[in-house]
Amino acid sequence: MRKRFWVLTAALAGSGCGGPFPQSALHPHSDFARASDVLFTDIFWWAAAVFVVVEALLVVALIRFRHREGRPAPTPTHGHTLMEIAWTLAPAVILVFVAVPTVRTIFATAGGAPADAVKVQVIGHQWWWEFKYPDLALTTANEMHVPVGKPVRVAITSADVIHSFWVPPLGGKRDAIPGQTNYIAFQADSEGDYSGQCAEFCGASHANMRLRVVVESDSEFGRWATVQLAGPAAPTPRTAAERGKAVFARSACIGCHTIQGVSPGVIGPNLTHVGGRTTIASGLFPNDSAHLARWIADAPSLKPGALMTRMQPPLTDADIAALVAYLQSLK
Ligand code: CUA
């Protein structure tokens with residue numbers, strides 16, 4: 001029984017050591033994330049040294065002064081000036097070594113960026129992320145693109161409740177507060193696809209409020225922006241996609257979603273180029289036909305509390321298939 005307990009405990013503890021860790025702050029890929037990582041490592045070693053010294057003294061005291069048959073009780077020490085000065089000064093000095101790098105990192109990550117930084121406005125919504133690039137006049141959702149090796153300034157706010165923007169490999173976290181704008185700035189140092197997550201409890205689907213940041217070369221970023229700026233692709237005549245566009249235009253979809261030149265809704269994510277994204281539902285599911293169809297039919301069953309309700313009256317399977325074809329054609 002006891003053996004089984006230890007095997008189970010070891011297995012549970014060990015399971016935390018697997019990988020990969022897409023949302024680990026210990027694998028930094030930007031100047032911001034590196035600064036927090038250096039500070040963390042620094043303070044970790046101070047804490048480890050304090051732990052070792054304090055525990056060692058404790059163990060020595062326990063062994064040396066423990067009760068022994070026939071020996072008198074050890075005499076307590078009172079008013080030892082040198083010892084009192086030492087144990088007041090030592091922590092004060094250690095705290096200076098913790099405080100100075102901490103304050104320095106706080107200022108270094110306060111969100112200052114050069115004027116030519118790529119600017120992204122992040123708006124938290126229950127439960128998805130809206131990204132606007134004011135200088136490029138483009139809007140997208142849930143997948144943010146930035147160029148590698150260039151400063152990026154992120155202005156963060158919220159449309160409803162308090163969220164928190166956090167992409168551990170690139171830096172964060174910063175609260176998204178309605179009526180207020182908070183800033184972070186970072187410069188990504190390697191191309192890749194980085195996962196992020198809302199980090200402030202914001203309701204039923206807080207845990208499902210994910211995002212991705214695609215860090216790509218300057219030219220790929222430029223290509224992506226050009227595609228985003230273009231209007232939506234027109235579906236080929238007499239295809240499922242064209243029927244899907246008609247279904248979209250006569251359904252409740254238009255009340256909430258923007259497709260440039262087709263519908264003006266602003267409650268849900270902009271879908272003008274939704275077919276070009278890799279995920280749907282704020283990073284929850286791959287952007288494939290099966291998931292899209294299930295999502296359109298009944299979003300709240302896939303994501304608790306999703307504001308996209310079941311369509312009334314329900315769409316037919318043929319309508320849903322046509323809608324899926326249309327959305328996928330919007331690359
Ligand atoms: Cu948004 Cu938690």
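Let's start with Lys119 and Asp135. Their side chains meet in a salt bridge, at 3.9 Å from N to O. The two sit in distant parts of the chain, 16 residues apart. Lys119 belongs to strand 1, residues 118-125. Asp135 is in the loop between strand 2 (128-133) and strand 3 (138-141). Keep in mind that this is a predicted model.

How exposed are the partners? Lys119 has 28% relative accessibility and counts as partly exposed. Asp135 is exposed, at 58%. The cut-off for exposed is over 50%, so Asp135 falls in that class.

Why would such side chains pair at all? Opposite charges can pair when the charged atoms come close.

How many salt bridges does the structure hold? Six. I'll show two others.

Next, Arg34 and Asp189. This salt bridge has an N to O distance of 2.6 Å. Again, distant parts of the chain are linked, here 155 residues apart. Arg34 is in helix 2, residues 31-64. Asp189 is in the loop between strand 8 (182-187) and strand 9 (192-198). Arg34 is partly exposed, at 38% relative accessible area. Asp189 is also partly exposed, at 38%.

Now Asp218 and Lys150. Their side chains form a salt bridge at 3.3 Å, N to O. Asp218 lies in helix 4, residues 218-229. Lys150 is in the loop between strand 4 (143-147) and strand 5 (151-158). So this pair ties together parts that are 68 residues apart in sequence. On accessibility, Asp218 is partly exposed at 42%. Lys150 is partly exposed at 34%.

Conventions. Residues are numbered from 1 along each chain as its sequence is written. This is a predicted model: local features need pLDDT of at least 70, side-chain atom pairs count only at pLDDT 80 or more; totals for chains, interfaces and linings use all residues. Side-chain values use heavy atoms; hydrogens and water are left out. A salt bridge is a side-chain nitrogen of Lys or Arg within 4 Å of a carboxyl oxygen of Asp or Glu. Helices (H or I, at least four residues) and strands (E, at least two) are DSSP runs, numbered from the N terminus. Buried means under 20% relative accessible area, exposed over 50%, partly exposed in between (1.4 Å probe, protein chains only).
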